[in-house]
Amino acid sequence: MKHGIRISLLAAALVAGTALAAPTTGVTSTPPASVNKSGVGRADASFIEQAGAAGLAEVEAGRLALQKGSSEGVKQLANMLIDDHTKANERLNTVAALKNLSPPSEPGEANRKQLARLNGVSGKDFDEEFLKQQRAAHQEAIALFSKQAKSGKDPDLKKFAADTLPRLQAHLKHVEALQGGKHAGQ
């Protein structure tokens, strides 16, 4: 914990020192309306919010699938989602902390509604709803992460998005294969 605080303080000192050393010409390279108080652009901060909320929802959906899913394929996917999204969430939290931003601590409202819908079904109906939701969620995530990897302004967040994108694409392929009945246990 002390190490994390030291890193945050060091990062803040570096940012402050850079700001003090910068020449003051009265013109900024980024309009003030597009930068928040952490110095990270609003689009990059929005990425943290969206990716964080979605990642938390994926972990919760995976846990539900372990409890309520009926096929072995769905349960294998659930384990993969829990492992991969937990790791991605931890990495995103680290990057956000270095930027003096707080990632979300729970899934967003739309994610909570989908989780509630999943919680209301079981067995084969659960499997079908879970796979349907996972397909849509991963298509959205791939679009979000692709955009961040291509046009994000913060280099750490661009790298995070680019590094995470292949796993999201693999998840989508896995979901599509399960929907097509190509895995044992389906």
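This is a predicted model: local features need pLDDT of at least 70, side-chain atom pairs count only at pLDDT 80 or more; totals for chains, interfaces and linings use all residues.
Figure 1. The secondary structure consists of six helices and zero strands, which gives the pattern α-α-α-α-α-α along the sequence. Of the 186 residues of the protein, 38% count as buried.

**Figure 2. Surroundings of Phe-47.** Phe-47 has a relative accessible area of 2% and is therefore classed as buried, the limit being under 20%. When neighbours within four places in sequence are left aside, the contacts of Phe-47 are Gly-52, Leu-92, Leu-144, Phe-145, Gln-148, Leu-157, Phe-160 and Ala-161.

Figure 3. The model contains four aromatic pairs. One of them joins Phe-47 and Phe-145 in an edge-to-face arrangement, with 5.0 Å centre to centre and 75° between the planes. This pair links distant parts of the chain, since Phe-47 belongs to helix H2 and Phe-145 to helix H5, 98 residues apart. Phe-145 is buried, with a relative accessible area of 7%. Phe-47 and Phe-160 form a further edge-to-face pair, at 6.2 Å centre to centre and 65° between the planes. Here the link runs from helix H2 to helix H6, across 113 residues. Phe-47 and Phe-160 are both buried.

Figure 4. H6 has 25 residues and spans 36 Å from its first C-alpha to its last, close to the 36 Å expected at 1.5 Å a residue. At Leu-165 the helix bends by about 35°, and a proline, Pro-166, follows within four residues. The N-terminal end of H6 is capped by Asp-154, a side-chain oxygen of which lies 3.0 Å from the backbone nitrogen of Asp-156. After H6 comes Gly-181, with a positive phi near 75°. The buried residues of H6 include Leu-157, Phe-160, Ala-161, Thr-164, Leu-165 and Leu-168. Also buried in H6 are His-171, Leu-172, His-174, Val-175, Ala-177 and Leu-178. An α-helix has 3.6 residues a turn, so residues three or four places apart point the same way. H2, H3 and H5 are among the elements that cover the buried residues of H6.

**Figure 5. The buried His-138 and its polar contact.** His-138 lies in helix H5. Its relative accessibility is 1%, so His-138 counts as buried. The side chain of His-138 makes a polar contact with the side chain of His-171, at 3.2 Å. Beyond its neighbours within four places in sequence, His-138 is in contact with Glu-58, Leu-81, His-85, Leu-168, His-171 and Leu-172. His-171, Leu-168 and Leu-172 are among the buried residues of H6.

**Figure 6. Gln-133, a buried polar residue of helix H5.** Gln-133 is found in helix H5. With a relative accessible area of 7%, Gln-133 is buried. Residues up to four places away in sequence not being counted, Gln-133 touches Gln-114, Arg-117 and Leu-118.

**Figure 7. Backbone of Asn-100 in the loop between H3 and H4.** Asn-100 is located in the loop between H3 and helix H4 (109–119). Although Asn-100 is not a glycine, its phi is positive, at about 60°. Most residues other than glycine have a negative phi. Asn-100 is partly exposed, with a relative accessible area of 48%.

Note on methods:
Residues are numbered from 1 along each chain as its sequence is written. Side-chain values use heavy atoms; hydrogens and water are left out. Contact means heavy atoms within 4.5 Å. Helices (H or I, at least four residues) and strands (E, at least two) are DSSP runs, numbered from the N terminus. The expected span of a helix is 1.5 Å times one less than its number of residues. The bend at a residue is the angle between axes fitted to the seven residues ending there and the seven starting there. Buried means under 20% relative accessible area, exposed over 50%, partly exposed in between (1.4 Å probe, protein chains only). A polar contact is a pair of N or O atoms within 3.5 Å; within protein, one must be able to donate a hydrogen and the other to accept it, and residues adjacent in sequence count only if both atoms are side-chain atoms. Rings of Phe, Tyr and Trp (its six-membered ring) pair if their centres lie within 6.5 Å; planes under 30 degrees apart count as stacked, over 60 as edge-to-face and the rest as tilted.
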